[in-house]
Amino acid sequence: MRILQVNLFMLILIFSCNSNGTKEKKTEPSQTIITTHTAKPLQVDTVQINKLLAKGKFLFQKEKYDSSLIVYEEARTLFGNSAKGKLYIDCLNNLNECYIEKEFMQQAIDLSAEISSSVEESKNDIQYITYLYNKARIEFKMTQYEAAKRTVLVGLNTLKHFSGNSQINLLELKYNTLLEDVYFISQLKQKTIQISESNLNKVDKIQDADLRAKYYITTKTRNIRDSLYLSSIQDGGLYVNIEKMLYQLLDTAKYYSLLEHSSTAEIYDILATCYHYKKWFTKGFKEGKGKEFCRQKAIEYYTKSLNLRKNIYGEKHSSLASSLNGIAIQKEPKEAIELLKLGCEFTKNLVGEKDDKVALLYNNIGRTYGGRLEQFDSSLVYFHKSIMSLNYDLNNEDYFVQPSLDSIVNNIYLLEILEQKAYAFRGKYLKTNDIKYLKYAFETLETDSKLLASMQNQNDFDKSSNILSNDFIRIYANTLKYASELYDSTKNMSYIKRAYLSTQVMKSNVLLDQVRQIEIDDFGEIPKELIEERKQLYMKNIIFKNKIRESTNKKYDLADNNEVKVLKDSLLVNEVELLRCNKKIEKDYPNFFDLLNPKVHSVSQLQKEIIRPDEVILEYFNYDKQFFGFAITQDNFSFCKVDSVQVINASLDSLYQCLISHNSSKNTFIEHASMVYDSLVEPFEHLFADKKITVIPDGKLWYVPLEILLSKQSDADWIDLPYLFRKTPVSYAYSTSFLNSKSKKNNSKNYLAFAPFTDSTYVYKESKNLLAGLRSELKELPFTEKEVKHLSNSLKGQSYFGAEATESLFKDIASNFSVLHLATHAVVNDENSENSYLAFKDNKQSDEDGLLTISEIYGLGLKSDMAVLSACNTGYGKILRGEGVMSMGRAFIYAGCSSVVMSLWQANDHTTADLMMYFYDELDKGSSKDIALQNAKLKFLSTSLPTSAHPFYWSQMIIIGETNPLENNNDEGFWNNMFSFK
């Protein structure tokens with residue numbers, strides 16, 4: 001599981017971030033004073049004090065913190081009751097660095113308060129900037145990451161007023177290193193790597209060679225750590241390359257006599273982490289270097305790190321927890337648990353119970369009890385402890401209690417911990433056969449899915465969040481799996497209905513997560529200031545919640561109840577403002593609102609409010625080894641579970657290959673089309689009488705139109721096979737969110753047709769700005785002019801051909817028409833779907849490049865009944881887990897089209913044109929869109945030659961979205977948004 005692997009990596013390195021020494025080689029104190037006012041002479045032995053400070057700094061840089069502490073304490077006593085000048089503040093700042101490194105946090109907090117009162121009026125001094133740095137480190141160690149970030153930013157801003165001497169450069173590097181760690185632990189990946197790379201450049205400005213070497217090692221190690229964290233855990237070759245770089249750093253440390261420093265301990269940690277993950281990629285390793293070799297090397301380097309940190313910090317320092325955790329995951333379960341508990345005690349001594357590091361250690365203990373020992377009671381105890389550590393309001397030790405999601409400290413960790421707790425409940429059920437544990441497993445995953453939905457809103461339009469990975473979608477899949485097991489035992493359909501609702505939440509979340517990844521320059525009419533206001537209000541919510549979490553830390557009397565109350569009041573006010581903002585968007589800009597807030601319907605809501613009397617919804621969910629089908633009518637809810645998932649997916653692959661090849665074997669097609677029908681459609685046949693089918697596919701079903709499945713095996717010719725669409729019309733939807741569209745409709749009834757590629761003398765030039773290399777030349781389409789003219793003979797509207805059919809013109813006038821009929825090229829980019837495009841003629845006098853990409857389509861602001869994309873691959877795209885194909889068709893749905901007719905593969909120009917003309921004729925008679933397409937296909941088959949009866953020629957066209965007849969279809973120019981792409 002990738003999320004478990006990443007969290008393990010975070011846990012190992014999170015302590016390393018906290019434990020690195022801040023070893024600054026300063027000039028003489030008299031040279032560090034920047035302001036020029038005269039202080040009263042000190043009635044103390046300044047010579048002796050300066051000697052002690054120099055000795056303390058030397059010991060500190062050697063990471064002899066105990067000895068350095070003694071020396072600084074001695075220097076402090078020499079000041080007695082004399083005037084507290086800058087030399088005294090230097091002494092206290094240096095002493096505080098020792099307290100922080102030794103994790104004497106109460107002393108550090110008290111001393112910081114004393115220094116604060118002395119430097120408050122002289123904020124332009126180095127002493128003040130050093131005090132701020134120590135304050136930020138205290139906040140960081142106390143896991144007050146938002147506070148630490150604010151303090152760091154104040155310090156960096158103050159540093160801008162100083163000239164860049166060596167001491168200032170060093171302070172800037174230290175501040176930036178701490179800021180990098182804040183971003184790293186806050187999982188702001190891109191910011192982390194940016195700071196990491198800039199820090200490497202700052203190291204060169206340090207003049208002292210030994211100090212420069214030390215900071216080079218520390219900074220480069222962090223850079224490697226960040227690169228590893230940002231990379232795919234599944235990339236086996238990555239670890240080999242990182243291993244080489246780490247060994248080179250060890251050589252550098254040895255050369256500069258730095259092997260006994262904390263930065264070397266971090267190198268050991270990352271080396272051990274590499275070996276730990278290399279265990280998953282042992283295939284092809286030389287003999288003797290398989291999993292056991294990697295395990296032993298991991299233990300070796302974690303042990304080196306542990307011993308080195310003991311020498312530096314002593315036997316009870318939180319930094320030991322990372323090494324203990326690393327060793328534990330390589331050991332046998334009982335020994336592992338003891339090591340993890342020891343590390344947990346060290347960490348709690350520093351930060352108390354309510355902390356994410358403590359939560360992760362508890363989680364690892366729970367996983368060891370449950371996964372490796374199958375002691376599920378103990379496992380559940382520690383998973384619940386882990387949840388309590390992340391929730392500052394939860395203190396009930398009953399592990400059956402579900403946590404409130406309003407006061408969570410660290411959401412991303414809680415997702416995994418709740419999932420693990422659900423597994424433990426199910427393990428307890430399998431061991432005892434007591435159904436109550438399976439119920440709690442199901443309810444725990446339900447809570448997890450609600451948490452995911454909540455996180456989706458909190459991370460509004462954060463492109464780096466990417467929280468809906470396959471690991472998280474697994475939560476929804478297992479919710480459905482557990483519901484199915486509960487139904488088998490209880491025959492209570494309510495569990496299936498609740499799980500079905502969770503899958504709808506998942507689909508809306510996947511959609512929103514993917515919309516974030518697309519650069520949308522214009523959302524139609526909505527003001528950008530309103531979008532920015534919404535984003536800022538969401539960000540404020542996150543900040544207030546983080547501040548509340550920090551202010552409720554009870555360790556070392558940091559809690560301020562009045563401050564917590566003020567913050568909670570501020571959070572409430574902000575949430576009211578956010579609600580007001582969302583209501584305004586929903587009222588004034590419904591398309592945009594629906595884009596960011598897909599509607600999620602329960603089964604009862606669908607039956608009462610959405611589903612028509614003559615409709616049955618068939619929805620499918622396919623994940624890993626699970627394939628579920630649901631059928632919903634106004635008065636019935638059914639489901640089926642398919643066990644032969646691999647067989648189904650293999651058949652779908654074979655069917656797709658048959659469909660995209662006009663000379664494929666009929667026997668192969670019949671075998672697989674009937675087998676898939678028997679598994680996915682036949683269980684619901686009893687619901688089809690006098691009803692239309694709306695299909696919501698999943699996975700590979702998006703590439704194979706369900707209507708061509710065969711209700712039985714037959715020896716008939718292609719023309720007479722028992723296709724599903726012969727029984728009933730079939731349409732499609734991306735999710736139930738789209739079944740009740742509220743898009744504003746264009747009052748115009750005219751069509752707009754574009755056919756850019758009708759000029760045989762024109763050579764299309766490759767775009768200078770987008771998609772270089774996809775296609776250097778787009779050929780003319782000789783039948784598009786005929787197709788458009790056939791349409792214009794029947795309907796009133798506007799048509800543009802050849803060079804006049806430009807992208808800029810289309811963007812300018814498209815929203816004014818009911819029907820847009822484009823006969824042009826469509827180019828699909830599988831890897832980056834937002835770069836798929838429709839081709840126009842490039843106009844040299846325009847800023848447009850002639851390529852209308854998916855990201856641009858999202859911002860068109862259309863108000864249309866239908867879009868027809870009638871040729872190459874317009875419905876094809878990269879399958880997104882849970883939400884379907886990222887196609888141009890879906891982009892038009894979100895742009896405001898109520899329905900889209902589109903193609904699933906590259907089809908024949910002649911036969912597609914005939915099919916579309918039949919379709920238009922049926923619409924003109926007043927047929928609904930799904931029936932019109934059904935009749936068009938039936939007519940095509942009844943009139944086709946045997947050579948064109950293969951499904952390749954006619955079954956690629958499907959309709960997705962609303963299927964009502966076109967309004968006022970007998971009036972002139974009824975087409976509402978008709979796109980025909982060749």
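## Close-up views of a predicted model

**View A. Glu 63 is a buried loop residue.** Glu 63 has a relative accessible area of 3%, which makes it buried. The model shown here, as in every view below, is predicted. Glu 63 sits in the loop between α2 (46-61) and α3 (65-79). Its backbone deserves a look too. The phi of Glu 63 is near 60 degrees, a positive value in a residue other than glycine. Most residues other than glycine have a negative phi.

**View B. Glu 103 also lies in a loop between helices.** The loop here runs between α4 (86-102) and α5 (105-119). Glu 103 is not a glycine, yet its phi is positive, at about 65 degrees. Is Glu 103 buried or exposed? Glu 103 is buried, with a relative accessible area of 11%.

**View C. Helices α6 and α8 pack against each other.** Helix α6 covers residues 126-141, and helix α8 covers residues 166-185. Their axes come within 11 Å and cross at roughly 20 degrees. Angles under 35 degrees count as roughly parallel, so α6 and α8 are roughly parallel to each other. Residues from both helices make the contact. From α6 they include Ile 126, Ile 129, Tyr 133 and Phe 140. From α8 they include Ile 168, Leu 171, Tyr 175 and Leu 178. The crossing of α6 past α8 is left-handed.

**View D. Thr 447 is a buried residue of helix α19.** Helix α19 spans residues 435-458, and Thr 447 lies in it. The relative accessibility of Thr 447 is 12%. Buried means under 20%, so Thr 447 counts as buried. Which residues does Thr 447 contact, leaving aside its neighbours within four places in sequence? They are Gln 402, Pro 403, Leu 405 and Leu 418.

View E. Helix α25 is made of residues 603-610. Its buried residues are Val 603, Leu 606, Gln 607 and Ile 610. Seen down the axis of α25, these buried residues fall within an arc of 125 degrees, so they line one face of the helix. An α-helix has 3.6 residues a turn, so residues three or four places apart point the same way. On the other side of α25, Lys 608 and Glu 609 are exposed.

**View F. Three strands make an open sheet.** The strand order is β9-β10-β11, and the pairing is antiparallel. Which strands are at the edges? They are β9 (826-827) and β11 (851-853), each of which pairs on one side only. Two bridges join β9 to β10 (residues 837-839). Val 827 stands opposite Tyr 837 in β10.

**View G. Strand β15 is largely enclosed.** Strand β15 runs over residues 899-903. Five of its five residues are buried, so β15 is largely enclosed by the rest of the structure. Ser 899, Val 901 and Ser 903 point one way from β15. Val 900 and Met 902 point the other way. In a regular strand the side chains alternate between the two faces of the sheet.

**View H. Strand β15 pairs with β12 and β16.** Strand β12 (residues 867-869) pairs with β15 in the parallel sense, over three bridges. Leu 869 stands opposite Met 902 in β15. Strand β16 (residues 957-961) pairs with β15 in the antiparallel sense, over five bridges. Which residue stands opposite Ser 903 in β16? That residue is Met 957.

Methods:
Residues are numbered from 1 along each chain as its sequence is written. This is a predicted model: local features need pLDDT of at least 70, side-chain atom pairs count only at pLDDT 80 or more; totals for chains, interfaces and linings use all residues. Side-chain values use heavy atoms; hydrogens and water are left out. Two strands pair if DSSP finds at least two bridges between them. Helices (H or I, at least four residues) and strands (E, at least two) are DSSP runs, numbered from the N terminus. Buried means under 20% relative accessible area, exposed over 50%, partly exposed in between (1.4 Å probe, protein chains only). The arc is that of the directions from the helix axis to the C-beta atoms. Axes are lines fitted to C-alpha atoms, for helices over the stretch in contact, and angles run from 0 to 180 degrees between N-to-C directions. Angles under 35 degrees count as roughly parallel, over 145 as roughly antiparallel, 65 to 115 as roughly perpendicular and the rest as oblique. A crossing is left-handed if the near helix is turned anticlockwise from the far one by less than a right angle, and right-handed if clockwise. Contact means heavy atoms within 4.5 Å.
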